[in-house]
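This report describes the packing of a protein model, with attention to aromatic pairs, nonpolar cores and the sheet. The sequence and structure are shown below.

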Amino acid sequence: MALLGAMLKGESSGELDAAALEMAGIERPDLDPAPYLDTLDQLASEIATRLGRGHDGHKFVRVANQYLFEELSFRGNEAEYYDPRNSCLDAVLDRRTGIPITLSVIYIEVARRLGQPVTGIGLPGHFIVQYDDGKYSTFADPFHGGKLLTEDDCRVLAREVGVDIAKEPSTLQPVSNRYILVRMLNNLRSSYFRSKNYGKATKALDLLVEAFPSNAEYYKARGVARLQLHELRAAKSDLEKYLKFSPEADDKAQVTKQLEAIHRWLGRLN
């Protein structure tokens, strides 16, 4: 996962699709990304054929939405929202269903192949895309069939999770590929915790810790996962680093107790 790791650390400006497919390798270690990159090429080619020559932004958005969401039926997976496959680009391309951010990645990457200015917008609790060529601009919601949104619509979505965009205008600014990958990886590790797949959760957290070596919460989460896997020494190290980077943590007393218990368990093993 060299490309993904480098992009997470801000050391590379590689392609989003290739890095997302590396991430999907956590779920499918034998994953071959080439067929899925070909699929994205084919999606872009089909849209290009439908666009013809001389199209404008209105037409691109209309044609892309019609092809992706009406003809191919890409859609949000509301019934199984927390299924880890919804965070894996290969599975979303295969099943044509996923969560907002992975569906948005497909839209972004298809648009990139066609030279169209589509970027990701990281709303709190939701993820959408924006088309903006300087003449025509609109937001679109891939999770809900490419529904077009105004800024007011985005404000309503943000207010639903307690965020006032008027006070945080940067919320509507395009986000970087690194931001997208970090958010995808956090979604994936959360899905693994929900399904109690602590081994794969640890693999996701390994990447997050490597990218953010001073982030206390990532050490705590990995420590918890390692405890579930009975990896006591590794869990102890992570929980100690959690307290090192968050010395005033609200749960300091509980974590300290847990560390004492781990110390006793390790003593019995000697």
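## Aromatic pairs and core packing

Tyr218 is buried, its relative accessible area being 8%. In this predicted model, Tyr218 forms a tilted aromatic pair with Phe212, with 6.0 Å between the ring centres and 55° between the planes. Phe212 is partly exposed, because its relative accessibility of 23% lies between the limits of 20% for buried and 50% for exposed.

A stacked pair is formed by Tyr219 and Phe245, at 5.6 Å centre to centre and 15° between the planes. Tyr219 belongs to helix H10 (residues 216-228) and Phe245 to helix H11 (residues 232-245), so this pair ties together parts that are 26 residues apart in sequence. Tyr219 counts as buried, with 6% relative accessibility, whereas Phe245 counts as partly exposed, with 31%.

| Residue | Relative accessibility | Class |
|---|---|---|
| Phe212 | 23% | partly exposed |
| Tyr218 | 8% | buried |
| Tyr219 | 6% | buried |
| Phe245 | 31% | partly exposed |

The structure holds 8 aromatic pairs. Ring pairs also join Phe60, Tyr131 and Tyr136 into a cluster. A further ring, that of Tyr82, has Arg194 over its face, at 3.7 Å from the ring centre.

The largest nonpolar core comprises 76 residues, and those touching the most other members are Leu43, Ile47, Phe60, Leu68, Phe74, Ile106 and Tyr107. Helix H6 (residues 100-113) makes the greatest contribution to this core, with 8 residues. Apart from this core lies another, of 10 residues, including Ile121, Leu123, Cys154 and Leu172. Beyond its neighbours within four places in sequence, Tyr107 is in contact with Phe60, Val61, Ala64, Asn65, Leu68, Phe69, Val118, Val129 and Pro142.

The sheet is open and consists of 5 strands in the order E6-E5-E4-E3-E7, with antiparallel pairing. Strand E6 (147-149) and strand E7 (174-175) are the edge strands, each pairing on one side only. Strand E3 (residues 118-121) pairs with E7 in the antiparallel sense over 2 bridges, and Gly120 stands opposite Val175 in E7.

Two helices are described against this sheet. Helix H4 (residues 57-71) lies across E3, strand E4 (128-132), strand E5 (137-141) and E6, and runs at about 150° to E4. H6 also packs on the sheet, where it touches E3 and E4, and its direction makes about 160° with that of E3.

Key
Residues numbered from 1 in each chain as written. Predicted model: local features only at pLDDT ≥ 70, side-chain atom pairs only at ≥ 80, totals over all residues. Heavy atoms only, no water. Core = buried A, V, L, I, M, F, W, Y, C linked by side-chain atoms within 4.5 Å. Buried < 20%, exposed > 50% of the residue type's maximum accessible area, 1.4 Å probe, protein only. Helix = DSSP H or I, 4+ residues; strand = E, 2+ residues; numbered from the N terminus. Contact = heavy atoms within 4.5 Å. Phe/Tyr/Trp six-rings, centres within 6.5 Å; stacked < 30°, edge-to-face > 60°. Lys NZ or Arg CZ within 6 Å of the ring centre and 35° of its normal. Pairing = 2+ DSSP bridges. Axes fitted to C-alpha atoms, helices over the stretch in contact; angles between N-to-C directions.
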